[in-house]
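Morning, everyone. I'll take you through one model, going place by place. Let me put it up.

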Amino acid sequence: MRKFEVYDGPGFEIELEVEDREAEMVSSGLLSWLVDYVVSGFNQYASLEKVARVDDENVKLSSMVPPIPSGPFSRLVNNQLKRIFLRKRPLESLMLISTSKCQCDCKHCIVHGMEGDNELSTDELKEVIDEAVKLGAYHVSFEGGEPTLRDDIVKLIDYVDESKATTHLISNGINLNEEFVDDLSEAGLGYLHVSLDSPYPEEHNQFRGFEGVFEKASKGVSYGVEKGMLGVVEYTAHPGNVGKEILEDLYSHAQEIGVDELLLDEAVPGGKWEMKEENILSEENYKLLNNFMEQKNSQEGGPRVSSSYSYRDPEIMGCFGGRRWMWITPNGEMLPCFHTPISFGNVRDKGIKTGWKKMGKHFLFQRKACTWKDLDYQEDYFPEIQEAAKEGKQPKRMKEIESKNE
């Protein structure tokens, strides 16, 4: 058994005990009771029966959690202690929709219709990153659109202080050739995510509207793993691609290309994806996905399987939107989540801190259930957002929506 120091606090210590790929978090010391909530929460909900990767220096539980030990993970623990004992509301994750440009035309595109003119410059994005880190962020994610279409994406990744925050790139994989992945590695990228919507090349290519994207994504993430990044396949589940045989084939492909984690997410209404029953996962779908995850994580070898939506369960951590993370659009609008494209102002006008405070005061983001499932949101907010997406004018300002609903 190997032990990794998680956190050394006043009167308590937290360690992670690891045997093969199974882990358990333990606390000790006179004041260890102070952190029992954090420790028990990780042990109960983080699927520690199979961590993503164990290296000589640290353990990577999942793409959703910083390495242990690391500066970013210490900041994560600090943030949880502030929430519990000081009733603070630190920002934990900064999600940058760095561009709305993309080579694909995905059927479930959530940023469809998002205004992309006048994108934030390199210096402006650096300022946003600095502000977010000051507010507590230990996770910086570069998304899109397709983030690799920004000429400065490598510089921006390199700019993030590795001792304070992990860096993530979520890509369709088209530009992930060996040379580009080498550049990402030199910049210090920690987590390379590629999207696959099907384990079958023709289906994935058709769904994405780009011939050959399946092969490029698969090769690209493999290059990243070879360079030491945590390789992640992101699978956005919807009623049309959830099935036992499909999931088994997906896992086999993920194992074949050597990724560390298969990350399951749910398709959410917004952008092109309308609020229709046939677009939303059923309880039976969720049950199948959860059984699949439990089965694969109980087996030796192969990628870890995680589900990002499970952490957002009201009984676990609750919705992250406006509570733990903030999204920034290409031209600087501040959103609680890209699943909830409502703007609380532009970073060019007032900076992140003001927008973050406004989100925390709004009733929609004080509730633990994900906003898109909230009946008030579905009735009073989503119709305005969907109309804005169709007109190519999303996100919608919160003030505009509420003044119209008065």
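When I say contact, I mean heavy atoms within 4.5 Å. Two ground rules before we use that. This is a predicted model, where local features need pLDDT of at least 70, side-chain atom pairs count only at pLDDT 80 or more, and totals for chains, interfaces and linings use all residues. Residues are numbered from 1 along each chain as its sequence is written, and side-chain values use heavy atoms, with hydrogens and water left out.

Start with Ser-47. Leaving aside neighbours within four places in sequence, Ser-47 is in contact with Asn-297 and Arg-304. Ser-47 sits in the loop between helix H1 (36-45) and strand E4 (53-54). On naming: helices (H or I, at least four residues) and strands (E, at least two) are DSSP runs, numbered from the N terminus. Is Ser-47 buried or exposed? Buried, with a relative accessible area of 17%. The cut-offs there: buried is under 20% relative accessible area, exposed is over 50%, and partly exposed is in between, with a 1.4 Å probe and protein chains only. The backbone of Ser-47 deserves a look too. Its phi is near 50°, a positive value in a residue other than glycine.

Arg-87 also has a positive phi without being glycine, near 55°. Find Arg-87 in the loop between H2 and E6. Arg-87 is exposed, at 73% relative accessible area.

Next, Ser-100. That one lies in the loop between strand E6 (93-97) and helix H3 (122-134). Which residues does Ser-100 touch, once neighbours within four places in sequence are set aside? Met-114, Gly-116, Glu-119, Gly-145 and Pro-330. Take Glu-119 from that list. Ser-100 and Glu-119 are 19 residues apart in sequence, and their C-alpha atoms are 9.0 Å apart in space.

Now the second largest pocket. First, the term. On a 1 Å grid over the protein atoms alone, a pocket is an open set of points with protein on both sides within 12 Å along at least five of seven lines, and lining residues have an atom within 4 Å of a point. Grid points are joined across faces, edges and corners, and a volume is the space filled by probe spheres set on the points. For this pocket, that space is about 500 Å³. Its lining has 24 residues, with Tyr-309, Ser-310, Tyr-311, Asp-313 and Ile-316 nearest the centre. Helix H9 (283-297), strand E12 (304-307) and helix H10 (308-311) each give two or more residues to that lining. Which element gives the largest share? H9, with 6 residues.

Rings of Phe, Tyr and Trp (its six-membered ring) pair if their centres lie within 6.5 Å; planes under 30 degrees apart are stacked, over 60 edge-to-face, and the rest tilted. That rule gives 10 aromatic pairs. One of them is Tyr-7 with Phe-12: stacked, 5.9 Å centre to centre, 10° between the planes. Both Tyr-7 and Phe-12 are buried. Then Tyr-286 with Tyr-309. The ring centres are 5.3 Å apart and the planes at 65°, so this pair is edge-to-face. Tyr-286 is in helix H9 and Tyr-309 in helix H10, so the pair ties together parts that are 23 residues apart in sequence. Tyr-286 is buried at 12%, and Tyr-309 is buried at 9%. There is also an aromatic cluster, formed by Phe-320, Trp-325, Trp-327 and Phe-338.

Charges over rings next. The test: NZ of Lys or CZ of Arg within 6 Å of the ring centre and within 35 degrees of the ring normal. Arg-89 lies over the face of Trp-356, 3.9 Å from the ring centre. Lys-296 lies over the face of Tyr-251, at 4.9 Å.

Last stop, helix H13 (residues 382-390). Its buried residues are Phe-382, Glu-384, Ile-385, Gln-386, Ala-388 and Ala-389. Their cover includes strand E15 (342-343), helix H12 (375-380), strand E16 (396-397) and helix H14 (398-405). After H13 comes Gly-392, with a positive phi near 70°. Where is Pro-395? In the loop between H13 and E16. The peptide bond from Gln-394 to Pro-395 is cis, with omega near 10°. The bond from Ile-68 to Pro-69 is cis as well, with omega near -5°. Pro-69 is in the loop between strand E5 (59-60) and helix H2 (71-85).

Technical notes: On a 1 Å grid over the protein atoms alone, a cavity is a set of points where a 1.4 Å probe fits but cannot get out, and a pocket is an open set with protein on both sides within 12 Å along at least five of seven lines; lining residues have an atom within 4 Å of a point.
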